[in-house]
Amino acid sequence: MNAPAEAPRALEAPRPLPPLPRGRAGLSLGQAMLAALAALAANKLRAALTALGIFIGVAAVIVTVAVGAGARQQVLAQIQSLGANLLVVWGANVRMGGVSLGAGQRPNMSWDDAQAIPREIAAVQVAAGTIRQQQQVVAGNQNWATTVIATDPDWFVAHDWTLEEGRFFTAEEAMAGRKLVLLGQTVVQNLFGEENPIGREVRIRATPFEVIGVLGRKGQNPMGQDQDDAVVMPYWTARRSVMGASRAFARAVSTISVKVHEGEDMAAVEEELRQFFRQRHRVAANEPDTVQIRNLSEIAATRDASARTLSLLLAAVAAVSLLVGGIGVMNIMLVSVTERTREIGLRLAVGARPADILRQFLLEAVLLALLGGAVGVV
């Protein structure tokens, strides 16, 4: 006999699968970094284009800030080349028969005025009167048209002028009218080329002069004039041998360079100087000044403020480029999240936490920004 069939067992409900193990701290920073690098390597073109936006923004910021800083340095160097704490005095505008003849057309300042300024105004370090004239300078078979400046040794102090080689003339040599000259770099280049001019002879209006020094390079002043295109000689030498003078204007000077001691109030010294000339020239209270004074420190401050404003404007424009690059990274990462929903779901299914996913995408964005920024800096 066949054995009786067993009674069928009741179907049991399936047991739930145990949850996938989750780490207490989730992915470590190193693991998240590796995952981010792998994701970027899988989308090289997208990563490169995203980093390009940051690269352009960072490079634009650096370049524009550097250009602005360079412009400021150039302006300050030009002003510094004129001399620090410097006031320059010119003759005021002259009117004759109701017609304006312009500033400095009639000599109204003298050598004695320049010598008296340091004695009368304690804040003044030195004051040097000068006259200028265009002359032809000849050396051998070479000649050059330049500006001849006649002054005294204090002029070099007032304008912070240094020597390339040689020496300055002394106060004794200046008063004695010695036939000595110092040449600017432009004059040396055009008359002597690469030769050493020290001890050589140059002629101005057929008068021989000994070259005793070469002035240090100054470059252009803020008005665009070449300060190195000049020959400097003692004042009384020029009066007797080169420029001449009528008996009425034998001691006249066209400008006076006044150097003020460091730390003094330039505006206060300027006012003292104005009152000095009014008293010395016996100007009545209702009459205009006989001189005009230019404060080069004010010119420096104005030009520096303009350069600073330009720098800030350029930096702001460049910052907009950097902001656009950052928005580009944000947009690309948003698209990346949308496209990788399957990968995100898979990671969550195998135990990743939302914080791990967030960390990976943040690291991808940071790596892209750092890559683009590093290339932009380079």
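In this predicted model, helices α3 and α8 cross in the right-handed sense. The residues that bring the two together are Asp112, Asp113, Ala116, Ile117 and Glu120 on the α3 side, with Leu273, Phe276, Phe277 and Arg280 on the α8 side. Sorted by class, this contact holds five nonpolar and four charged residues, with no polar ones. As for the geometry, α3 spans residues 111-120 and α8 spans residues 266-280, and the two pack at an angle of about 125° with 11 Å between their axes.

Helix α10 (residues 341-349) packs against helix α11 (residues 354-377) at an angle of about 140°, and their axes lie 10 Å apart. An angle of that value makes α10 oblique to α11. Here, too, the crossing is right-handed. From α10, the residues Glu343, Ile344, Arg347 and Leu348 meet Pro354, Ile357, Gln360 and Phe361 of α11. The contact between α10 and α11 comprises five nonpolar residues, one polar residue and two charged residues.

Turning to the strands, β6 has pairing partners in both β5 and β11. With β5 (residues 124-139), strand β6 (residues 142-151) pairs in the antiparallel sense, over nine bridges. Within this pairing, Gln136 has Ala145 of β6 as its bridge partner. Two residues separate β5 from β6, and the two strands form a hairpin. In its turn, Gly140 adopts a positive phi of about 65°. The pairing of β6 with β11 (residues 230-234) is parallel and runs over five bridges.

Side chains of opposite charge can pair when their charged atoms come close. With a cut-off of 4 Å between a side-chain nitrogen of Lys or Arg and a carboxyl oxygen of Asp or Glu, the count comes to eleven salt bridges. One of these joins Asp160 to Lys259, with 3.3 Å between the closest N and O atoms. Asp160 sits in the loop between α4 (154-158) and β7 (163-166), whereas Lys259 belongs to strand β13 (residues 255-260), so this pair ties together parts that are 99 residues apart in sequence.

Definitions and conventions:
Residues numbered from 1 in each chain as written. Predicted model: local features only at pLDDT ≥ 70, side-chain atom pairs only at ≥ 80, totals over all residues. Heavy atoms only, no water. Pairing = 2+ DSSP bridges. Helix = DSSP H or I, 4+ residues; strand = E, 2+ residues; numbered from the N terminus. Axes fitted to C-alpha atoms, helices over the stretch in contact; angles between N-to-C directions. Left-handed = near helix turned anticlockwise from the far one by under 90°. Contact = heavy atoms within 4.5 Å. Nonpolar A, V, L, I, M, F, W, Y, C, P; charged D, E, K, R; others polar. Parallel < 35°, antiparallel > 145°, perpendicular 65-115°, else oblique.
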